[in-house]
Amino acid sequence: FVPTKKHECANGSTCCKLHSGLYGCCPVSHAVCCSDDKHCCPGGYTCDVEKGTCDRYGDQVSLSEIIPFTRASTETYVDCPDGSQCLDYETCCMMDTGHYGCCPLPKAVCCSDEEHCCPEGYRCDLTSETCVAGDVRIPMLKKTTAARRHQNTQKLTNLDEKIRFIPGPPVRGNP
C-alpha cells in the first residue's frame with residue numbers, strides 16, 4: 001500500500017512518490033525510487049538519472065518510469081494505428097484480438113505473444129514470462145484494452161474504466 005492508503009500498487013510493483021507529491025507504481029518488485037521522482041530501478045541497483053541507467057557492479061539497465069495512479073484531467077492521448085487510443089505515458093501494442101491495446105509503460109517493448117509487454121531496455125522471455133535486462137528478471141506486464149472512439153460522436157469510451165497496471169505472475173528469486 002502507498003502511504004495515503006487510498007491506492008495499492010499491484011503485486012510485483014513498488015510504490016514511489018512522484019514529483020507532484022502524489023504516488024505511483026514502479027513496474028519492478030522491491031524497486032529503488034530515484035531522486036528525480038519520475039524513475040525507479042530494480043532493488044540493489046543505483047539510479048543514475050543523468051545517464052538514464054540503473055547501475056550495479058558494472059551492469060546497467062534502463063531506468064523504469066513510475067506510473068501515476070490517477071489521470072489528471074489534462075492528460076493527453078496517443079493514437080494507435082487502428083484508431084484506438086492510449087494515454088500518452090502508455091505504449092500501443094498489438095493484442096491477440098487483432099486490435100491494439102495499451103502497455104502501461106512509455107516506450108515499452110511489445111512481446112510477440114501479443115499479450116504482454118516489458119519496460120524499455122528489457123527483452124521478453126516468453127518461456128519464463130519475464131522481462132530480462134542483463135541478469136535482472138522482472139514479471140511481464142499485461143496489456144489493457146485501448147479506448148475506442150464512437151464512429152458518430154468521436155467521443156472516447158472506457159478510459160475511466162481502464163485498468164492501469166496488471167503485472168504478470170510474480171517471479172521467484174527477484175531482488
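A: Strands (E, at least two residues) and helices (H or I, at least four) are DSSP runs numbered from the N terminus, and two strands pair if DSSP finds at least two bridges between them. This is a predicted model, in which local features need pLDDT of at least 70 and side-chain atom pairs count only at pLDDT 80 or more, while totals for chains, interfaces and linings use all residues. Residues are numbered from 1 along each chain as its sequence is written, and side-chain values use heavy atoms, with hydrogens and water left out.

The hairpin of E6 and E7 has two residues between the strands, and Tyr 57 in this hairpin takes a positive phi near 45°. Strand E6 covers residues 53-56 and strand E7 residues 59-62; the two run antiparallel and are joined by four bridges.

An open sheet is made of three strands in the order E3-E4-E8, with antiparallel pairing. Its edge strands, E3 (32-33) and E8 (64-65), each pair on one side only. E3 and strand E4 (residues 39-41) run antiparallel and are joined by two bridges. Within this pair of strands, Cys 33 has Cys 40 of E4 as its bridge partner.

How accessible are the two ends? Taking buried as under 20% relative accessible area, exposed as over 50% and partly exposed as in between (1.4 Å probe, protein chains only), Cys 16 is buried at 1%, whereas Cys 33 is partly exposed at 36%. Cys 15 is partly exposed at 22%.

A second disulfide joins Cys 93 to Cys 110, S to S 1.9 Å. It is left-handed, with -75° about the S-S bond. Cys 93 lies in strand E12 (residues 91-94) and Cys 110 in strand E14 (residues 109-110), so the pair ties together parts that are 17 residues apart in sequence. Cys 93 is buried, with a relative accessible area of 1%, and Cys 110 is partly exposed at 35%.

Another disulfide joins Cys 111 to Cys 124, S to S 2.0 Å. The torsion about its S-S bond is about -85°, so this disulfide is left-handed. Cys 111 lies in the loop between E14 and strand E15 (116-118), and Cys 124 in strand E16 (residues 123-125), so parts 13 residues apart in sequence are tied together. Cys 111 is buried at 3%, and Cys 124 is partly exposed at 21%.

For the whole chain of 175 residues, 44% count as buried. Of the contacts (heavy atoms within 4.5 Å) with a separation of 6 or more, 37% involve residues 24 or more positions apart. The chain exposes about 9,400 Å², and carbon and sulfur atoms supply 49% of this area, as computed by the Shrake-Rupley method with a 1.4 Å probe.

Note on methods: A disulfide is a pair of cysteine sulfur atoms within 2.5 Å.
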